[in-house]
Amino acid sequence: MDLAPPALEVLPRDLSAYRAGNTGIPYVHRIGSGRPGPHVLINALTHGNEICGMVAATHLLDSGVRPKIGTLTVSFAHVEAYEAFRADEPFANRQLVHNLNRIWSDEWLDGPEHSPELRRARELRPVVAAADHILDIHSTSQAVQPFWVYPGFERNARAALAIGARGHVAVHLVMPQGLGSGTPLIQHGRHGQADGAAGVALVAECGQHFLRASADTATAVALDFLAHFGLIEPLPPPARPPAAPQRRFELLQTCMVRTPAFRFARPLRGFETFARGELIATDGEAGEIRAPCDGCTVLMPTRQPIVGREAVYLSRPLAG
Ligand SMILES: [Zn+2]
């Protein structure tokens, strides 16, 4: 685990020019083509310090992208958290109270609690519900290769594999049983249901939060997503063709931090593998986390354990 201050290659920029939008909902921009076709949502900043999505979203708006068919919506989800960024504590503004990516169930959205995230999720609810296809752009605290995260529905896998073949995001974390720690934006409403009526909803984890390469990946994958659904012209082949076949992992378990004594057994960055029974972490009185299978691959190990938040995702490679 790298606890040294990260290189801040990309910093937040002032988003006030994007506040008004044109939908009546702050920081939500909608561009219609006037022609039939899918409604695609490109969403950035679900987590306040995941700057790459902001770069992709502002690129789409600043470059004047116009869909050929259907409708494009571009949203900045959590600008309030984004604006709380401090260079000396660049991981602190992921969320203010709740994790905006765990509260997309009716229970939370219709429930009695209040927080900046619940207020914004309630505001964005019709935006998410109106979209046929959703790309939710994220990044990781550690510098690892980009990867998709999505519920294990055939429609998601098909789109992610097709877009992943372009090489910008070529690793897949498939969630057969959901996330296990709440309802992410991409599983809100019909997008969380297995039946074929819903559209595609994917998270792209584009690399480490503050790296230029992550911002470039986010922009590239947003354009790939729009091209896949025909909103923009097909893109030329990437400059660097994919070096390796795509890899897929299946989420087995989301481990939470239960006590302040939580410690990983060794420093983890993500994509390390463990043999069955091998110790991954200890968590005080809550016990140990051990690998449930051979080849157990850890993803998104927390940089700083916080009780009640995710500690690490355990997965295993999928064949093919
Ligand atoms: Zn995130």
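In this predicted model, strand E4 (residues 133–140) and strand E7 pair in the parallel sense over 6 bridges. Within that pairing, Leu135 stands opposite Leu202 in E7.

**Strand E6 and its partners**

Trp148 also stands opposite His172 in E6. Strands E5 and E6 pair in the parallel sense, with 4 bridges between them. Strand E6 (residues 171–175) pairs in the parallel sense with strand E8 (residues 247–256) as well, again over 4 bridges. In that pair His172 stands opposite Arg248 in E8.

Is strand E6 enclosed or open to the outside? A residue counts as buried when its relative accessible area is under 20%. By that cut-off 5 of the 5 residues of E6 are buried, so the strand is largely enclosed by the rest of the structure. In a regular strand, side chains alternate between the two faces of the sheet. In E6, Val171, Leu173 and Met175 lie on one side, while His172 and Val174 lie on the other; all are buried, and both faces of the strand are covered.

| Strand pair | Sense | Bridges |
|---|---|---|
| E4 and E7 | parallel | 6 bridges |
| E5 and E6 | parallel | 4 bridges |
| E6 and E8 | parallel | 4 bridges |

**The whole sheet**

These strands belong to an open sheet of 11 strands with mixed pairing, in the order E1-E3-E2-E4-E7-E5-E6-E8-E14-E13-E10. Which strands form the edges of the sheet? They are strand E1 (28–32) and strand E10 (273–274), each of which pairs on one side only.

**A residue in a loop**

Ala77 is found in the loop between strand E3 (71–76) and helix H2 (79–82). Is Ala77 buried or exposed? Its relative accessibility is 1%, so Ala77 counts as buried. Leaving aside neighbours within four places in sequence, Ala77 is in contact with Asn43, Ala44, Leu45 and Thr46, and also with Leu100, Arg120 and Leu124. Thr140 is 63 residues from Ala77 in sequence, and their C-alpha atoms are 17 Å apart in space.

**The protein as a whole**

The secondary structure of the protein comes to 6 helices and 14 strands. The radius of gyration is 19 Å, close to the 20 Å that the globule rule gives for 320 residues, so the protein is as compact as a globular protein of that length. Taken along the principal axes, the C-alpha atoms fill a box of roughly 60 × 45 × 40 Å.

Of the 320 residues, 54% are buried. Counting contacts between residues at least 6 apart in sequence, 73% join residues at least 24 apart.

The protein exposes about 13,600 Å², and carbon and sulfur atoms supply 52% of that area. There are 30 positive and 31 negative charges, and the mean positions of the two groups are 4 Å apart.

Technical notes:
Residues are numbered from 1 along each chain as its sequence is written. This is a predicted model: local features need pLDDT of at least 70, side-chain atom pairs count only at pLDDT 80 or more; totals for chains, interfaces and linings use all residues. Side-chain values use heavy atoms; hydrogens and water are left out. Helices (H or I, at least four residues) and strands (E, at least two) are DSSP runs, numbered from the N terminus. The radius of gyration is taken over C-alpha atoms; the globule rule is 2.2 Å times the number of residues to the power 0.38. Buried means under 20% relative accessible area, exposed over 50%, partly exposed in between (1.4 Å probe, protein chains only). Contact means heavy atoms within 4.5 Å. Accessible areas come from the Shrake-Rupley method with a 1.4 Å probe; for residues, only the protein chains shown count as cover. Lys and Arg count as positive and Asp and Glu as negative; His and the chain ends are not counted. The place of a charge is taken as NZ of Lys, CZ of Arg, CG of Asp or CD of Glu. Two strands pair if DSSP finds at least two bridges between them.
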